[in-house]
Amino acid sequence: MTGKPVRLVIAASLILATAMACQAQDVAAPEVENLVANPGFEQPDLEGWSRVLAGDDEGVIEPSDDAHTGSGSARVHAPTDRAWSFLRQQDFDVAIGETLVLSAWVKSSSTRAKLVLTGGFLWGGAPSGHQTTADRHSGSGKWELLRVELAIEQLPISAAIGFDYNSPGATLLVDDVRLAREADVLAEDAVECAHAFKQLAGREDLPGWIRDGLQDRAERGAELVMRYRETAHDAEGFAEVLDALRDYVAARRQLITWEAGSAPEGEAGPVPLVLERIRLEAERGDDAVTTISLLNAFGQHSVAVRVVPRNIVVPLDEQPTPAGEADVSEEPSLRTQVQPQVVLEAGRIRVMELIPRGGAMMAVDPGEDLAVWAPVNEPRQVRVVFPTHDLAPGAYTGTLLLQPLDRTQAGPPQEVAVELAVR
């Protein structure tokens, strides 16, 4: 082969790679099949839905023109303390082993309004099957999106929206109901998440290395969605694609964390969205200090996070032999019987919340609860100080736990490994 064809192949490859990158940034959400009939209640007389009234049978279920989208919704009312009412569809064309996602927009002034997905049967009209999962309205009187998931172990499947017992005077409006397979919903969520990361990456008030990390995450989401489109649902490897999508989408409801400071230029790249490890060095007698940033990128409200330092300990394989005792380094069975020595209790590790004030950072003691706030889309810095004056030179390990106090807003706790080298 001559040089010219090689150059043409390289050029074509570059063009293809560029095109794929552009496509990744503009990837569209997949079409999601809705298994629910008349999901927006646009057809007359709530066609496709079963009305379930119980108690004193004085409940009311009727069409309404107060809609979340479109021209109509369903109104469900329980007028007395013995009344409860449900809208229901059931016996969908699904199979055991599939996972379904049910969602609906609901407006109510009652926290007893709920969305229920059941696998098994309905007893007396109320969801009471072998499997049941539910989500409840906050009672805010505003439209809220309720959502539940169910891995099917038993058929038939029933979807219902209504009230608990003893909901006198409660009324709810229901609109835009959807029952879909998890795989399609995950891909749809990943597209939304990638677009949100990309939008956030355009914020000039965030450090450049954080924006780079967000851009990387946006591209990662687009890549996963493209893999989803290219892999048949029954093909080998599709389960791995779904697992990757689940992990990716989970970051949307997670407290996103970066190490504070300058961009790690010349290193492996931007610090990951979730810290995996904090490495510290200090001279004996000095404080080892680290500062982390908490960024609540997608929550609707500020969230409180408890920063919990765990005990710092000497690793077993580095624990010194006590003076006057024989060296047992050649007898591993004896060394493994030695318990790790706790050298720095968590209560002595200081946590300070750094709040911007007048162009400077004001350090605030969060108190014994160690709770700090992560405002929406606004980095909040936290300084953690490890005193070392009682520590002998050596390597120490421990854990820092970032525990959101409202998991529905911030996602699961994050454990960060801490490595401390004392010279």
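## Surface, cores and local geometry of a predicted chain

The model is predicted: local features need pLDDT of at least 70, side-chain atom pairs count only at pLDDT 80 or more, and totals for chains, interfaces and linings use all residues. Residues are numbered from 1 along each chain as its sequence is written, and side-chain values use heavy atoms, with hydrogens and water left out.

### Overall make-up

The protein chain has six helices and 24 strands. Helices (H or I, at least four residues) and strands (E, at least two) are DSSP runs, numbered from the N terminus. Of the 423 residues, 43% count as buried. Buried means under 20% relative accessible area, exposed means over 50%, and partly exposed lies in between (1.4 Å probe, protein chains only). Contact means heavy atoms within 4.5 Å. Among contacts between residues at least 6 apart in sequence, 74% join residues at least 24 apart.

### Two nonpolar cores

A nonpolar core is a set of buried Ala, Val, Leu, Ile, Met, Phe, Trp, Tyr and Cys residues joined through side-chain atoms within 4.5 Å. The largest such core holds 39 residues, and Leu-117 and Val-177 touch the most other members. The elements that give two or more residues to this core are β1 (50–54), β3 (73–78), β4 (84–90), β5 (99–108), β6 (113–119), β10 (143–151), β11 (157–163) and β12 (170–181). A second, separate core has 33 residues, including Val-27, Ala-190, Trp-209 and Ala-251.

What does Leu-117 touch, leaving aside its neighbours within four places in sequence? Its contacts include Leu-100, Leu-102, Val-148, Leu-150, Ile-157 and Leu-179. Gln-131, Thr-132, Thr-133, Ser-158 and Ala-159 are also in contact with Leu-117.

Ser-103 sits in strand β5. Ser-103 counts as buried, at 10% relative accessibility. Leaving aside neighbours within four places in sequence, Ser-103 is in contact with Leu-115, Leu-145, Leu-146, Arg-147, Asp-176, Val-177 and Arg-178.

### Aromatic pairs

A pair of aromatic rings is described by the distance of the centres and the angle of the planes. Rings of Phe, Tyr and Trp (its six-membered ring) pair if their centres lie within 6.5 Å; planes under 30 degrees apart count as stacked, over 60 as edge-to-face and the rest as tilted. By this rule there are five aromatic pairs. Two of them are listed here.

| Pair | Centre to centre | Angle between planes | Class |
|---|---|---|---|
| Trp-84 and Phe-86 | 5.4 Å | 80 degrees | edge-to-face |
| Tyr-228 and Phe-238 | 6.0 Å | 40 degrees | tilted |

The second pair links distant parts of the chain: Tyr-228 belongs to helix α3 (residues 208–230) and Phe-238 to helix α4 (residues 238–250), 10 residues apart. Tyr-228 is buried, with a relative accessible area of 6%. Phe-238 is buried, also at 6% relative accessibility. Trp-84 and Phe-86 are both buried. Ring pairs join Trp-84, Phe-86 and Tyr-165 into a cluster.

The 13 residues of α4 should span 18 Å at 1.5 Å a residue, and the end C-alpha atoms are 18 Å apart, which agrees. The expected span is 1.5 Å times one less than the number of residues.

Which residues of α4 are buried? They are Phe-238, Val-241, Leu-242, Ala-244, Leu-245, Tyr-248 and Val-249. These residues cover an arc of only 160 degrees around the axis, so they lie on the same side of α4. The arc is that of the directions from the helix axis to the C-beta atoms. The buried residues of α4 pack against α2 (182–201) and α3.

Leu-214 is found in helix α3. Leu-214 is buried, with a relative accessible area of 0%. The C-alpha atoms of Leu-214 and Ala-201 are separated by 5.3 Å, though the two residues are 13 apart along the chain.

### Backbone details in loops

The peptide bond from Leu-155 to Pro-156 is cis, with omega near 0 degrees. Pro-156 lies in the loop between β10 and β11.

Asp-91 is not a glycine, yet has a positive phi of about 60 degrees. Asp-91 lies in the loop between β4 and β5. At 58% relative accessibility, Asp-91 counts as exposed.

Asn-166 has a positive phi too, near 55 degrees. Asn-166 is found in the loop between β11 and β12. Asn-166 is partly exposed, with a relative accessible area of 40%.
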